[in-house]
Amino acid sequence: MKCDKIRELLSLYIDNMLDESERKAVEDHLSTCDVCRNEYNGIKETVDLLRQVEMIPVPDAFRFNLKKALQEEKQNMSGPQIVGIDPKKKIRWRVITSAAAVLVVGVLSFGFYRDILGSLPSQLSQVEQTGDAKEKDSYSVMREENAAVPEAQPSGLQPMAKETERAAASTQQDDSVNAQKKQAAVSDEAADAKTAAGEAAGNSQMVTFDAAASPDPNIGAESSALDVQIEAGDDSRSQAASGVERNAAVVQYYDMLIKEKLKGFDYQLLGYSYVPTGEWQFRVFIFRGKDGNTYNEEILVIGKEGKITTVSSNKFTELFNYEDDNH
Amino acid sequence: MSSDLSREKQLIQKAKMGDESSFESLILGCQNRAYNIAVRYLKNEDDALDALQESFIKIFRHLNSFKEDSRFDTWVYRIVVNTCNDLLRKNSNQKITDSIYKTEDEKVATIEIPDRSGSPEEVFERKERTEHIISCLEKLNPDQKEIITLRDIHGFSYDEISEILECSIGTVKSRINRSRLKLREILVEQNEIHNV
């Protein structure tokens, strides 16, 4: 091999990146060629010098400052700048939940349930919202302690959540299906009874998906070149609102995937939220698995880019393994 | 190894849901390397800390765009590298007054180089050598300096570099070789200058 070719391979030789034949060729050449051997020694020495440059430890204060900055970031992210809402014309969707509304919708839904018992699909209808869909703080939405805070709940939701949770709490496994149906009944009728409940509640508004913001198409497009485009001032949250219908369709779509995946399971959707950078998160309570075992445990289903993944404890790993062909 | 991976996945999931302490645990493994990457780009520790924090916040903010079939740490380093390059571009018109390796007349190290054990002479010599090689490194163009730093100072593999810099392995190979040859030339020049 000629010297200029060898010269090109010296670094690779030093880094052990050559295949056997190339390596041998270089070694053979170096043993006979002084010029190239000097070059090799020179590079080797340079590399050795560089390798001695030491790592500097991160100052302790950094972790503390980072913690603070992360908490601030969380605050910023969970504020009312939700994807889908133009901050300039922020829609006032805060709803005051009154006890009357709870009672009325509870009564209404119970009545409807009686009428519709047995004929409802367990699939949630498009306005399936539970009290946990709290948009204000999409990160902490999944935390139980926030379920109690009724702030910014559409009036129809809170009572449904209570219905749901009461149903979940009091229900035994054989009742879970009924509870599910009840919820479905409530949800189905909530769509129709929205106005009624709203009026009954008086000073409350029925708000649907404005608060559950629409997926931001730009985030998806961004993500492949994210690291190039990320800048300090990047604010991908203020995108055009897409409206209620698209959100409803998305949730319905993921709900359908969940239903498919959880075929044979006794489960209940407890709530969902949208995280402003592209994921829908669904809290699902599993009463009983398709294997017949009781679980009574909550799992998380993440809907993203048209696919769902489950986040759950190890108990469920076996049960969910079949789903990998969905991905 | 696989349990590390699954632990990492769990942390990622929790962090995606907004759990900062999971995020902190997650990022802890990358922290030192990321910091040193920033230090070498920005040449002073304060700027490096700023860049590091900015990068980590970006990562936290955009965790959902992380594709879980790729490596988390190289994704982190990529973002740190890009943040540093952005900062450098922004400051390119300003004179960099904080450069630790100034001219021969005013060599002031603003980076505390940790002392390993050894006699004072050994420690001193090591510092001298480090300063010297770094000052030669600074004479390369940014692309050359960047790739040698990643390879020989930070110890990243060719594959990792290709992911971090988002270029092909072929490019990495030729860049590394050319840059080392160039650095070698500079070293030789400098030695000749010194020895005169």
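Buried means under 20% relative accessible area, exposed over 50%, and partly exposed in between (1.4 Å probe, protein chains only). This is a predicted model, in which local features need pLDDT of at least 70 and side-chain atom pairs count only at pLDDT 80 or more, while totals for chains, interfaces and linings use all residues. Residues are numbered from 1 along each chain as its sequence is written, chains are lettered from A and ligands numbered from 1 in the order in which they are written, and side-chain values use heavy atoms, with hydrogens and water left out.

**Exercise 1.** Describe the contact of chain B and chain A by its residues and its buried area.

*Solution.* Step 1: with contact taken as heavy atoms within 4.5 Å, chain B contributes 61 residues and chain A contributes 58 residues.
Step 2: buried area is the accessible area (1.4 Å probe) that two parts lose on being put together, summed over both. Between chain B and chain A this area is about 5,700 Å², and carbon and sulfur atoms give 59% of it.
Step 3: B:Met17, B:Arg61 and B:Asn64 supply 12% of the area that chain B buries against chain A, more than any other three residues.

**Exercise 2.** State how many salt bridges and polar contacts cross the interface, and which helix of chain B gives the largest share of its side.

*Solution.* Step 1: a salt bridge is a side-chain nitrogen of Lys or Arg within 4 Å of a carboxyl oxygen of Asp or Glu. The rule finds 8 salt bridges across the interface of chain B and chain A.
Step 2: a polar contact is a pair of N or O atoms within 3.5 Å; within protein, one must be able to donate a hydrogen and the other to accept it, and residues adjacent in sequence count only if both atoms are side-chain atoms. There are 16 residue pairs in polar contact between chain B and chain A (both at pLDDT 80 or more).
Step 3: helices (H or I, at least four residues) and strands (E, at least two) are DSSP runs, numbered from the N terminus. The largest share of the side of chain B that touches chain A comes from H2(B), with 11 residues.

**Exercise 3.** Explain why the salt bridge of B:Glu24 and A:Lys67 joins two chains, and classify both residues.

*Solution.* Step 1: the closest N and O atoms of B:Glu24 and A:Lys67 are 3.3 Å apart.
Step 2: the pair joins two chains because B:Glu24 lies in helix H2 of chain B and A:Lys67 in helix H4 (residues 61–78) of chain A.
Step 3: B:Glu24 has 8% relative accessibility and so counts as buried, whereas A:Lys67, at 36%, counts as partly exposed.

**Exercise 4.** Locate the salt bridge of B:Glu160 and B:Arg71 within chain B.

*Solution.* Step 1: the side chains of B:Glu160 and B:Arg71 meet at 2.9 Å, N to O.
Step 2: B:Glu160 lies in helix H7 (residues 158–164) and B:Arg71 in the loop between H3 and H4 of chain B, so the pair ties together parts that are 89 residues apart in sequence.
Step 3: B:Glu160 is buried at 13% relative accessible area, while B:Arg71 is partly exposed at 38%.

**Exercise 5.** Describe the surroundings of A:Glu297.

*Solution.* Step 1: A:Glu297 is found in strand E3 (residues 294–304) of chain A, and its 17% relative accessibility counts as buried.
Step 2: beyond its neighbours within four places in sequence, A:Glu297 has contacts that include A:Val284, A:Ile286 and A:Phe316.
Step 3: the side chain of A:Glu297 makes a polar contact with the side chain of A:Ser313 (2.6 Å).
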